Amino acid sequence: MSIALALSAMVLLGSTHFINGVLARFYPPLNIAFYTHLGGALVAFLGALLFSTWEPNVWIWGALSGIGSALGAWLLYQGLSRAPFAIVVPVSAVAMVTIALGLSLVFLGERPNGWVWLGVMIALPAIWLTAGGGKPNKARMNSSTRAGLLLGLGAGLGFALQLHLLGQVPNQAAFYDIALCMLSGAVCCLPFYQHAHPVRKRFPLLATIAGGISALGLTLYALSRQDQLAIISIVIVSMYPLIPVVFGSLVRRERVSGASMVGIVLSIAAMMVIVAGSG
């Protein structure tokens, strides 16, 4: 059941990134981040009123994870504004899962078996390739690219903190945890809000809907951690770049590169190995 929850979370979070990736071509990215967090907070608070009960420490974990989420979004968009997509996104994705794994090992004392570790070793290059990363090119290593690498690492750290801090509360308070996370992220993004052209006023609604999808995905991720090693949930959810690549190919008829195709195959193999190991 926990594996199914983690896989569902991956699909929902990947769908959010696909929607926001399309919007980012026409609308300020940090505005998208703000409305995504706001929409997530609205949906999660509604879910909390219907399905959750309040726990004393929820506001601490929720607020801190929201700061990590906003920090990750801000650094990611800063990196994308300075360096190529194929450098910043893979670096942030791999840094996110690596740092989150390290936090789970150190602070949660998890000891996965050999099969899970094999899945992790397959998943890291899979995430890199699926997200668009390729062989490093010395000609591309100029000052802006180096800045993009550092910002990508910082974004990965922010998102890793979000993943680590989420799920630190009991199942019955999961929606409150996500709601406070998204609200905290929205507050952090608000100072960077930019006024957009009136023609683009419909985009906030789409970003808000994407935020609602994200809130559901994060809730499923938090629930999936309750009955299995956090490492397993983290690795599965971190393979969300699969979804924008597949949706881009099916919906927008975008060409899938050879590297991304290899990444997709490796991602499927990694998930199969992790599922076998967790059984």
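**A walk through a predicted model**

Let's start at Tyr 77, which has a relative accessible area of 22% and is therefore partly exposed. You'll find Tyr 77 in helix 3. Skip the neighbours within four places in sequence, and Tyr 77 is in contact with Pro 29, Leu 30 and Ala 33. Now look at Ala 24: it sits 53 residues from Tyr 77 along the chain, yet their C-alpha atoms are separated by 9.8 Å.

Before we go on, keep in mind that this is a predicted model. How far does the confidence score go? The chain has an average pLDDT of 88, and 95% of the residues reach at least 70. Among the elements of the chain, helix 7 has the highest mean pLDDT, 95, while helix 10 (residues 242–251) has the lowest, 83.

Is Leu 64 buried or partly exposed? Its relative accessibility is 41%, so Leu 64 counts as partly exposed. Leu 64 also belongs to a nonpolar surface patch of about 510 Å², together with Trp 54, Trp 59, Ile 60 and Ile 67.

Next, hop over to helix 2, where Thr 36 has its place. With a relative accessible area of 7%, Thr 36 is buried, because that value is under 20%. So what does Thr 36 touch? Leaving out residues up to four places away in sequence, the list is Thr 16, Asn 20, Met 182, Ala 207, Ala 210 and Gly 211. Take Thr 16 from that list: it is 20 residues from Thr 36 in sequence, and the C-alpha to C-alpha distance is 8.6 Å.

Helix 6 gives us two residues to look at. One of them is Gln 162, which counts as buried because its relative accessibility is 8%. Beyond its neighbours within four places in sequence, Gln 162 is in contact with Ser 65, Gly 68, Ser 69, Cys 181 and Leu 218. The other is Leu 157, and helix 6 itself runs over residues 143–165. Leu 157 has a relative accessibility of 37%, so it counts as partly exposed. Val 97 is 60 residues from Leu 157 along the chain, and their C-alpha atoms lie 9.0 Å apart.

Finally, let's turn to the aromatic rings. How many aromatic pairs does a search of the whole structure find? The search turns up nine. Take Phe 51 and Phe 175: their ring centres are 6.1 Å apart and their planes meet at 35°, so this pair is tilted. The two partners come from distant parts of the chain, 124 residues apart, with Phe 51 in helix 2 (residues 29–51) and Phe 175 in helix 7 (residues 174–189). Elsewhere, ring pairs link Phe 26, Tyr 27 and Phe 203 into a cluster.

Notes: Residues numbered from 1 in each chain as written. Predicted model: local features only at pLDDT ≥ 70, side-chain atom pairs only at ≥ 80, totals over all residues. Heavy atoms only, no water. Helix = DSSP H or I, 4+ residues; strand = E, 2+ residues; numbered from the N terminus. Buried < 20%, exposed > 50% of the residue type's maximum accessible area, 1.4 Å probe, protein only. Phe/Tyr/Trp six-rings, centres within 6.5 Å; stacked < 30°, edge-to-face > 60°. Contact = heavy atoms within 4.5 Å. pLDDT = per-residue confidence, 0-100. Patch = residues over 30% accessible without salt bridge, like charges linked within 9 Å, V, L, I, M, F, W, Y side chains within 5 Å. Areas by Shrake-Rupley, 256 points an atom, 1.4 Å probe, with all protein chains shown as cover. Salt bridge = Lys/Arg side-chain N within 4 Å of Asp/Glu carboxyl O.
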